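Me: Got a model open here. Can we walk through a few helices and residues?

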Amino acid sequence: MTSQGLRASLEGIRAAKTALTDKTLSQHKLAIALGITRQPVSKFFAGEPVSRSCFVQICQHLELSWQKIAGLPEDISSDATAKSHPNNKDLTILVQEIRQKRQDKIQDQCGTLQMLDIAQIVPLVDIYTTVYVLKNMTSQQWLDIEDLLKNFCFASGFNRLGQNQLSKKIHGLEAASLYAKLMVLGKPGAGKTTFLKYLALQCNKGELQPNHVVIFINLKDFAEDFKGNSDFSLLKYISQDFLSCGIEAESTLSVLIEGKALILLDGLDEVQAENIDQINQEIRRFCQNYYKNKFVISCRIAAQKYKLSGFTEIEIADFDMQQAEAFVKNWFVAVAHKSREDGEAIGNLFIHQLHLPKNQHLRELAITPILLHLICLFFQAKSEFTFKPAKLYEQALNVLLSRWDEIRGIERHSIDWNLNLANVKKLLAQIAAVTFEQGDYFFEPEKIHSLISQYLIQYNYYCPNNSKLIPDEEKLLKLLELEYGLLVERSQGIYSFSHLTLQEYLTAKNIVLNYQEQAVNKLISHITDKRWQNVFLLTVSILPDAEEMIILMKQEIDFLVANDQKIQDFLLWLQQKSSSVPTQYKPGAIRAFYIVCVGRSLEVFLKGSNFPQHQVFCHSSSYGLERAMIGNLAFNPDLAIDEFLTSTFACAGELEFACNYILNDGIVFDYAHALNIAFDKALNLVVESKFKQFLQNLKKQLPNAHSHHHKFRKWWIEHGKFWNENFRELLVKYRNICHDWQFSKQQIELIQQYYIANKLLINCLNVANNISPAIRQEIEEKLLLAIAQIKE
């Protein structure tokens, strides 16, 4: 019986099938989980002889007694077991003994993390954030650029590159349980080592593969020991490691032969180029010899030459916001060494500020764990995002290009190019600037090859070992992708920058590196293009002296509306109205306030058209240009009256639209109710008695919308337009607001561009370096003025 293996009894087969169903497994999935072929599993359930090791493995995975399934008496099974293992030890007992002996070693090896710029080690379980993986590798999809643009999530009103919506995520632990041979791929700083260490700890605690012995190997360390030692091998390396825990080589070999090890090989891409072929061969040989074991290998996603036969490849997914928030809360407790209460409070403050619209650029970086860690470090000093984004981005580049490897003692010399860190940044900046200028978020390798070639020719780069120019753009692209991770293959043969924010920063960096009149004028030509706003802000914050650029921006903005007489007349009114308000605020801020008010009244005209009126002006002055200049406006009676009256007039316009175009009486009632509330608030603020009396009389003309929705709609359709005109006349006469400017849609769009460009100018002024007080004052005083007033 021993030589023929074991076979399940009829009763045993029924019990095994029941267990298979209870665990929601198929025979195919069971074979995958055990790391064996389908054939022995099929034979097992057919009652045919199966090798003893496979028979025991299947029963143990189904949590069944293999002796009972085989229908063996207790004494026979004990004798058979004694004969089949060294030192007469049952394999299960042997595994548990080894697990016990290695428990402290695994905890010491995998229980802590060394984090960037943190002096103390951090317990892994305190910082670990649940990992999700993509079963479908992004770089192996066959999608063209149009498909990628459709399938990626874009935010903030224009193209902000986000997560690919096609790739489905599964829990990392589920993937580790499902596949016997797993290759975990990820971008730099994605958390590959952390994930493998977490698997080791879970196995050590008995919560993952409790009947396996976990083995964690840093492949860089193994390669260094392997170098120059012809008879060294993974088996010897593991045996020595086990021997240090008091485990004999014979027991180690038994565990490996019987497939009772979970072997975690970390950092295949971190092995130096001269050793990688040998290490690959050794891993392949070991996996073939001890094929019954479970293997997990981690590697950077771009390391295509490191593929191993028989391994299922998965990719660590970027953090979503839920993961990022969990990481942040853990960070301020475990890394910042705050109490649980204080750490979570600071974490919540961080999360609140991260979600503000102005911090969209930080949310883009937060999908990468190492960059999220960097943001936390910046935030920690003042518990707010007061730092200049350009400083953070430069640090992020340094981390991805060199610092993260340097801290871990990793040297990467894949190709023999004489490129230092500064030159790599210049190359990336040139690629970023050209692609961003052309509106390309995704690009094919041929485009990058061309840009690399232009750079090499421009700067005369030579290979040190061959004194002629070698335009090997393909190898250099692979360097940028594999070693630095700043270019990412999003689909077969289609690349993008890893983060759009970094593409914008590198574009700004390129402008500064090549600062001259032509480059500046080219940038300023984009002043009304919303997707260039971050580039403007970054450029002025990087420039040592941004005064010249700020002046050129102001001139370009004034020129936008210089030739439209109606808009010039509007700006003359804007100055006259603002000057009539007694206030301590800067005149430019008051003009900004009233241009927002005008935007509300213009929406009455735009309602019902196809023009995107929701983008014309800020709906709330608290997010407008005046806030960019002086912060929140304190209460001022004149400003408050005009704001409420403008809002009331806008409500009346909304109501007119609803009565004429919306059939739902409930919605009409909501608008009518809003108009009543706005009118009452405005009346409470109005002081001038005659004006107040006229407003009260006007309000009395409105029928009661509460009891007769239909009658109210009918009255408004018949009289609403006339009522609105009377309201406008009162506002013009007594407050000089809500004029009927009769702008065309094109003019409204031009005013929108003018307003947004002025807001960009002030934001640039607030972050620019070395702006003299005189220039700053002149720009603020001449903001939103007609050309005739600017020249005075």
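Me: How many residues does helix α19 have, and how far does α19 reach from its first C-alpha to its last?
Reply: Helix α19 covers residues 369-380, 12 residues, and reaches 16 Å. That is close to the 16 Å expected at 1.5 Å a residue. The expected span is 1.5 Å times one less than the number of residues. Helices here are DSSP runs (H or I, at least four residues), numbered from the N terminus.

Me: What should I know about the model itself?
Reply: This is a predicted model: local features need pLDDT of at least 70, side-chain atom pairs count only at pLDDT 80 or more, and totals for chains, interfaces and linings use all residues. Residues are numbered from 1 along each chain as its sequence is written, and side-chain values use heavy atoms, with hydrogens and water left out.

Me: How many residues of α19 are buried?
Reply: 11 of the 12, so α19 is largely enclosed by the rest of the structure. Buried means under 20% relative accessible area, exposed over 50%, partly exposed in between (1.4 Å probe, protein chains only).

Me: Which ones?
Reply: Among them are P369, H373, C376 and F379.

Me: Where is F350?
Reply: In helix α17, residues 340-354. F350 is buried, at 0% relative accessible area.

Me: What is F350 in contact with, beyond its neighbours within four places in sequence?
Reply: V328, F332, L372, I375, C376, F379 and F385. Contact means heavy atoms within 4.5 Å. F350 and C376 sit 26 residues apart in sequence, with C-alpha atoms 8.2 Å apart.

Me: New topic. Which helix holds A674?
Reply: Helix α32, residues 665-685. A674 has 30% relative accessibility, so it counts as partly exposed.

Terms used
Helices (H or I, at least four residues) and strands (E, at least two) are DSSP runs, numbered from the N terminus.
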